[in-house]
Amino acid sequence: MIQPNMAVNLGGLPMKNPVTTASGTFAAGREYDQFYPVERLGAVTTKGVSLNGWAGNDSPRIAETPSGMLNSIGLQNPGVRHLVEHDLSWLEGRDVPAIVNVSGHSFEEYVQVIEALEEAPVDAYEVNISCPNVDEGGMTMGCHVPSVEKVVAMCRAATKRPLIVKLTPNVTDITEIARAAEASGADAISLINTLLGMAVDARRRRPKLARAVGGLSGPAVKPVALRMVWECHGAVDVPILGMGGICTGEDAVEFMLCGATAVAVGTANFMDPMAGLKVVEGIAEYCREQGVSDVNELIGALEC
């Protein structure tokens, strides 16, 4: 049986297949490499990194929900120097592109993080302007067009590497934000990040998370994610990295049909450490079954 071509290009980032990992669910791949070689993926997206590291939010920071989970981690990380010395040095020995998720307390910090990574083995940046769990930065920047334009333009000026801008779904019109990111220099956009949600312990009459609210991910958000990917595909010309509840190859194909060039597997990694590889294999199996010789034929092929 003829094997389909699985290679895609995400805004200047060549990928051997359309599957990467969602930031914050895979670290840098070291722990998952014991289950399957991470180079079987199209790329590895690291956990979000800031300049000097963040302590994160108070516990409890995780709550299970029907068909999903809430997290309020708060982008806890040890900082960019640790990422370079500990994680990127390990990833460099693997045949897989490294996408670094960049976060910051301010516009300037985003630029400083990128500048600190310019000599490191990084293949692309994912600029996180969308985290709903951080009081400073993410939510504000990702919800207002002028802020989106400013942070993306500043990051664009700091690097020639592919720039993927991660969008928040917690806005009135996702296409408005997508167009602003594209106009300011994004090579691609990724969506969706988590939806703002809440869980309550009725017996204790208290929120289940210390900060009361957190980001909802998992299969529960997939219908919203598909809709937003489909809307953005019709609004911008840059490629889309789609994510939100992807657990199987067919889930991934649905995102590609809606317009995604590549997909990211996130919460599913917590349920099954083999999830990423299974999605890669599932996409290939779908292509063989459907007589699709090139996975790129699926991008935006939804018939409406």
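## Strand β7

In this predicted model, strand β7 (residues 98-102) is mostly covered, with five of its five residues buried.

Strands of a sheet pair through backbone hydrogen bonds, either parallel or antiparallel. In this model, an open sheet of eight strands has parallel pairing and the order β3-β16-β15-β10-β9-β8-β7-β4. Which strands stand at the edges? They are β3 (19-21) and β4 (44-45). Each has a single partner strand, so one side of each is left without a neighbour in the sheet.

Elsewhere in the order, strand β15 (residues 240-243) pairs with strand β16 (residues 262-265) in the parallel sense, over three bridges. Within this pair, Met243 stands opposite Ala264 in β16.

## Helices α6 and α7

Two packed helices are described by the angle between their axes and the distance between the axes. For helix α6 (residues 222-233) and helix α7 (residues 249-257), the axes come within 8 Å and cross at roughly 30°. Angles under 35 degrees count as roughly parallel, so α6 is roughly parallel to α7.

Which residues make the contact? Helix α6 contributes Lys222, Ala225, Leu226 and Val229, and helix α7 contributes Asp251, Glu254 and Phe255. Sorted by type, the residues of this contact are four nonpolar, no polar and three charged.

## The nonpolar core

In soluble globular proteins, nonpolar side chains tend to be buried together. The largest nonpolar core of this model has 93 residues. Leu117, Ile189 and Leu191 are those with the most contacts inside this core. The largest share of the core comes from helix α9 (residues 275-290), which supplies eight residues.

What does Leu191 touch, leaving aside residues up to four places away in sequence? The list is Leu167, Ile174, Met228, Val229, Cys232, Ile240, Leu241, Gly242 and Met243. Val229 of α6 takes part in the contact with α7, and Met243 stands opposite Ala264 in β16.

Conventions:
Residues are numbered from 1 along each chain as its sequence is written. This is a predicted model: local features need pLDDT of at least 70, side-chain atom pairs count only at pLDDT 80 or more; totals for chains, interfaces and linings use all residues. Side-chain values use heavy atoms; hydrogens and water are left out. Two strands pair if DSSP finds at least two bridges between them. Helices (H or I, at least four residues) and strands (E, at least two) are DSSP runs, numbered from the N terminus. Axes are lines fitted to C-alpha atoms, for helices over the stretch in contact, and angles run from 0 to 180 degrees between N-to-C directions. Angles under 35 degrees count as roughly parallel, over 145 as roughly antiparallel, 65 to 115 as roughly perpendicular and the rest as oblique. Contact means heavy atoms within 4.5 Å. Ala, Val, Leu, Ile, Met, Phe, Trp, Tyr, Cys and Pro count as nonpolar, Asp, Glu, Lys and Arg as charged, and the others, Gly among them, as polar. A nonpolar core is a set of buried Ala, Val, Leu, Ile, Met, Phe, Trp, Tyr and Cys residues joined through side-chain atoms within 4.5 Å. Buried means under 20% relative accessible area, exposed over 50%, partly exposed in between (1.4 Å probe, protein chains only).
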